[in-house]
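This briefing concerns the arrangement of domains and the pairing of aromatic rings. Please consult the sequence and the structure shown below alongside the points that follow.

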Amino acid sequence: MTDRVILAYSGGLDTSVAISWIGQETGFEVVAVAVDVGQGGEDLSVIRQRAIDCGAVEAVVIDARDEFAEQYCQPVVAANALYMDRYPLVSAISRPLIAKHLVAVAREHGGTTVAHGCTGKGNDQVRFECGITALAPDLTVLAPVRDYAWTREKAIAFAEERKLPIAASKKSPFSIDQNLWGRAVETGFLEDPWNGPTKDVYDYTQDPQVGWNSPDELVIGFTSGTPTSIDGRSLSVCQIIEELNRRAGAQGVGRIDIVEDRLVGIKSREVYEAPGAMVLIAAHQELEGMTLERELARHKKRICDTWTELVYDGLWFSPLKRALDAYIDETQRHVTGEIRLSLHGGSITVSGRRSDTSLYDFNLATYDEGDTFDQSLAKGFVTLHGLSAKIDAVRESRLAGLGGRRPGSAASADGLSGK
């Protein structure tokens, strides 16, 4: 049987050209795999037919929206994951899911090679290939755009020469990647970091500077760290993200403009829209503030920073990431309750918190009648808490009295040596 290449297929110019090019250059059959992670746009049945028309022997279409929401977006919420404290890993979390399905299709259809359409400048090449290697180290990887220096112009010329059924413009201004969790926009005039985004950059969000009639107030419910309801209505994680994308996007929430440190060592100007993601992370952080013990919360922040960097760097399936998953899961046992937020003019404002597993004790916190905090214990606590700093201060004062010279130092021995 002819060897088969399993291609991550988006339906766009590069991956459509790749189908014909791989067949021409290698003689391998191509199986195209399109994974629906909520990216919208064209009907996937249309994309499937385009793959066949471009020469694929088979095109597999996978609806992975619920899987993406529950197994990839939700862990980002549990980890409060914001790369460089701002980016909620929009593209980074879709790649390991796609890699997983590419490997599964390779096993089913006898594939020996997996291909993707990433360039050599971005992070996605790493995310795809590290994911594939971790899941199926026996498979080889082909990256035509990167390894054969394709340009958009070359791809268009190849498509025209082969009469491939692709409509492509040579002046498309942006590179866009979008899914249920958000939307990423780069290239074009955005490559100059001094240029402000124009209104045509955005699609998921309305202009937050436009006057709004009224805020949108809502209540998000969580069970063990997982969002389970909006305004008392039980919903799936996917449905919650979809609704928050609509409601928060209508209020201009979730726009991010950042110069980002890529894994390959360059800085890149990126514009993101992630309305649902930013609302869920904000609500989850507030609920953790009610339910996580102080030292656990402090240590979790450090663990989650590492988790975020691993995911950004394409190591979703790494041993360390798996171990950190177990830690984060343990921290979520009591993160159950509701958070009330107001969305307005691009802002998220938390106005209420309640939880049956809260560590907030009103009788300990109040300064009014009913106060159960024993203030007589505080004096000794404060004394002991500052004791090490006090001892250091006494030492510094003593040394200052010696002119800053430490006994036994070379400076203090000058007089004895006759220098």
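In this predicted model, about 1,600 Å² is buried between domain 1 and domain 2. Carbon and sulfur atoms give 64% of that area. On the side of domain 1, Asn 123, Phe 174 and Ser 175 supply 35% of the area buried against domain 2, more than any other three residues.

**Domain layout**

- Domain 1 comprises two segments, 4-63 and 91-175, whereas domain 2 covers 181-364.
- The centres of domain 1 and domain 2, taken over C-alpha atoms, are separated by 30 Å.
- To the contact between them, domain 1 brings 20 residues and domain 2 brings 23 residues.

**Polar and charged pairing across the interface**

- Between domain 1 and domain 2 the count of salt bridges is zero.
- Six residue pairs are in polar contact across the interface of domain 1 and domain 2, with both residues of each pair at pLDDT 80 or more.

**The side of domain 1 that touches domain 2**

- Two or more residues on this side are given by each of the helices α4 (94-109) and α5 (124-135).
- Helix α5 provides the largest share of this side of domain 1, with seven residues.
- By class, the side of domain 1 that touches domain 2 consists of nine nonpolar, eight polar and three charged residues.

**Aromatic pairs**

- Across the whole structure, the search finds six aromatic pairs.
- For the rings of Tyr 72 and Trp 316, the centres are 4.8 Å apart and the planes meet at 20°, so the pair is stacked, given that planes under 30 degrees apart count as stacked.
- Tyr 72 belongs to helix α3 (residues 65-78), while Trp 316 sits in the loop between α10 (294-312) and α11 (319-331).
- The pair of Tyr 72 and Trp 316 therefore ties together parts that are 244 residues apart in sequence.

Key. Residues numbered from 1 in each chain as written. Predicted model: local features only at pLDDT ≥ 70, side-chain atom pairs only at ≥ 80, totals over all residues. Heavy atoms only, no water. Domains from an automatic or database assignment. Contact = heavy atoms within 4.5 Å. Buried area = accessible area lost by both parts, 1.4 Å probe. Salt bridge = Lys/Arg side-chain N within 4 Å of Asp/Glu carboxyl O. Polar contact = N/O pair within 3.5 Å; in protein donor to acceptor, adjacent residues only side chain to side chain. Helix = DSSP H or I, 4+ residues; strand = E, 2+ residues; numbered from the N terminus. Nonpolar A, V, L, I, M, F, W, Y, C, P; charged D, E, K, R; others polar. Phe/Tyr/Trp six-rings, centres within 6.5 Å; stacked < 30°, edge-to-face > 60°.
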